[in-house]
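Subject: Model for you to look at

Hi,

Here is the structure I promised. Please open it alongside this note; my findings follow.

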Amino acid sequence: MSGKMSLAREVCSCSVTHHPSPITHHWFVAVIRLVGVEKNFGNQQVLRGVNLTIPPGKLTTVIGPSGEGKSVLLKHMIGLLQPDRGEVWVDGVEITRLRGKALNEVRKRFAMLFQGAALFDSLTVFENVAFPLREKLRLPEPDVARRVEEKLEQVGLSGMGHKYPAELSGGMKKRAGLARALVMEPEIILFDEPTTGLDPLMAKTIHDLILAMHRKFGFTAVMVSHEIPEIFSISDWVAMLKDGKIVAMAPPTEFQRSADQAVREFIAVGIEV
Amino acid sequence: MLMLTAGIERIGRTTLFLIGEMGRMLLFLLSTFAWLLRPPLRPFQILKQLHFIGFKSTFVVVLTAAFTGMVLGLQGYYTLRKYGSEAALGAAVALSIIRELGPVLASLMVTARAGSAMTAEIGIMRITEQIDALDTMAISPLQYLISPKIVAALIGVPLLVAIFDVVGIYGGYVVGVDLLGGNSGAYWNSLESAVEWKDVYGGIWKSISFGLIVSWICCYKGYYTRMSAEGLGAATTEAVVLASVLILIWDYFLTSVLL
């Protein structure tokens with residue numbers, strides 16, 4: 001295994017301490033850290049002690065077979081799900097026991113693009129994107145309009161603000177969801193399979209858009225995806241979830257050279273498909 | 001012996017589940033009220049829900065009230081005539097409607113029309129992750145989605161019951177007086193002398209509590225729906241059945257207290 005991958009594993013294993021590491025000048029300072037996270041749904045054990053460190057300002061993609069709990073993992077990072085065991089740290093704050101206002105304070109730093117975009121179907125695209133601005137920032141309407149139009153233009157949906165989600169294609173919904181995620185200019189954005197159900201061309205468009213936005217705004221991005229090999233060209237780090245654990249994490253080039261059997265098989269099948 | 005143990009186990013599991021479910025329902029209601037007291041207040045959301053739960057239910061409530069009053073007028077007139085007491089028709093219709101039929105039937109109509117829609121709407125929002133999206137934006141779904149519905153039902157159902165009462169009494173009048181030839185003055189006079197303010201207050205208290213039952217049960221069932229189309233269908237059915245049954249049971253208890 002390469003040096004960087006070993007280091008990533010080292011950092012992951014180091015993070016199994018129960019104390020948040022202080023923000024230092026280390027090149028791999030964690031903005032999100034999962035420590036020994038376990039999650040069961042009934043008798044089914046989905047996460048079996050996940051240790052994962054998400055570096056700030058980077059785009060980290062989590063890959064893995066379907067049904068392995070990648071979306072579950074993502075939802076733990078923003079406190080939508082609480083682990084049965086383990087800890088989730090966001091910049092030195094352990095969020096698993098937070099509720100109400102304290103949890104909302106942490107969530108203000110996040111945005112999430114859901115698998116189905118999760119647009120509010122009773123609101124137009126404009127109202128969807130404007131929603132967090134009106135609800136959280138209570139900006140004057142001219143400012144709301146300006147910021148919404150700006151974001152819609154960035155995702156290529158200029159002039160589509162009056163449409164309802166039901167009138168949009170899958171790709172347009174994802175772009176509208178991305179605009180809503182970006183409009184509050186969050187520090188961290190979670191992408192839950194942003195290209196699922198899209199044709200390859202539209203999937204590439206969404207990936208390019210995510211990459212462009214990530215480069216422009218510099219937010220920390222965590223993406224769950226199956227899109228191999230596409231994710232290797234846009235990600236800074238790739239992690240693989242297998243059997244409820246992170247089995248590998250490395251920059252894309254190192255990751256593709258991994259000697260790990262599960263990683264090699266997954267990449268090989270992904271490329272064939 | 002094994003069968004007996006299995007049976008007891010099943011009863012125990014069901015009992016534990018029911019106790020847990022009741023606890024969750026109570027916590028859901030208390031949390032919603034707690035969020036209701038925190039800013040921001042959402043008058044526009046409440047008005048929107050009032051329009052949906054109240055105004056849009058008016059037609060079906062008026063229709064039910066009219067025919068309920070008419071059938072009471074019809075049945076009451078022929079029954080009372082046997083004893084030479086047609087003059088008491090107004091009192092019979094008004095007391096039946098104001099005390100019992102108005103609050104119960106109007107609430108059942110709201111359950112069928114608006115309650116089922118509430119469960120379906122919230123359930124779909126749960127399945128399509130719209131509720132999770134609210135959470136990720138640090139907006140409480142209980143405050144944004146559920147509280148306005150509960151407030152609107154608490155205001156809307158009593159207003160609908162008032163409409164039901166008036167329309168029902170006129171329905172009885174149309175049949176008993178206009179169609180069957182009863183005495184108009186006797187109808188209103190018997191009504192005025194029989195109905196007391198405590199009957200009206202009783203009806204209002206009932207309608208407020210029924211409004212709470214409808215919105216609480218229907219929102220809860222939608223909020224915790226199983227994540228499938230079948231699950232949502234089941235949640236909607238459960239919501240309507242449970243809310244209707246609770247309205248009838250609660251009506252009995254309230255009546256026994258108010259009488």
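Start with strand E4 (residues 85-90) of chain A: two bridges join E4(A) to E5(A), and the two run antiparallel. Val90(A) has Val93(A) as its bridge partner in E5(A).

Some ground rules. This is a predicted model, so local features need pLDDT of at least 70, side-chain atom pairs count only at pLDDT 80 or more, and totals for chains, interfaces and linings use all residues. Residues are numbered from 1 along each chain as its sequence is written, with chains lettered from A and ligands numbered from 1 in the order in which they are written.

Helices (H or I, at least four residues) and strands (E, at least two) are DSSP runs, numbered from the N terminus. Two strands pair if DSSP finds at least two bridges between them.

**The antiparallel sheet of chain A**

E4(A) and E5(A) belong to an open sheet of four strands, in the order E2-E1-E4-E5, with antiparallel pairing. Strand E2 (44-54) and strand E5 (93-94) of chain A are at the edges; each has a single partner strand, so one side of each is left without a neighbour in the sheet.

**Strand E7 of chain A**

E7(A) covers residues 188-192, and five of its five residues are buried. Buried means that 20 or more other C-beta atoms lie within 10 Å of the residue's own; exposed means 12 or fewer, partly exposed is in between, and C-beta atoms are placed from the backbone. Ile188(A), Leu190(A) and Asp192(A) point one way, Ile189(A) and Phe191(A) the other. In a regular strand the side chains alternate between the two faces of the sheet.

E7(A) pairs in the parallel sense with strand E6 (residues 110-113) of chain A over four bridges. Phe110(A) has Ile188(A) as its bridge partner. E7(A) also pairs in the parallel sense with strand E8 (residues 220-224) of chain A, over five bridges. There, Phe191(A) is bridged to Met223(A). From E7(A) the chain crosses through helix H7 (residues 200-217) of chain A to E8(A), in a right-handed β-α-β crossover. Right-handed means that, with the strands pointing away from the viewer, the path from the first strand over the helix to the second runs clockwise.

Contact means C-beta atoms, placed from the backbone, within 7 Å. Leaving aside neighbours within four places in sequence, Leu190(A) is in contact with residues including Leu74(A), Phe110(A) and Val222(A).

**Chain B**

Chain B has nine helices and zero strands. Of its 259 residues, 44% count as buried. The C-alpha trace spans about 65 × 60 × 30 Å along its principal axes.

Look at helix H2 (residues 43-53) of chain B: its buried residues are Gln49(B), Leu50(B) and Ile53(B). They sit on the same side of H2(B), because they cover an arc of only 105° around the axis. That arc is taken from the directions from the helix axis to the C-beta atoms. Exposed Phe44(B) and His51(B) are on the face turned away from the buried side. The cover over the buried residues of H2(B) includes helix H4 (89-127) and helix H6 (141-179) of chain B.

**Where the chains meet**

15 residues of chain A are in contact with 10 residues of chain B. On the chain A side, the elements giving two or more residues are helix H3 (100-107), E6 and helix H4 (125-137) of chain A.

Best wishes

Note on methods:
Contact = placed C-beta atoms within 7 Å.
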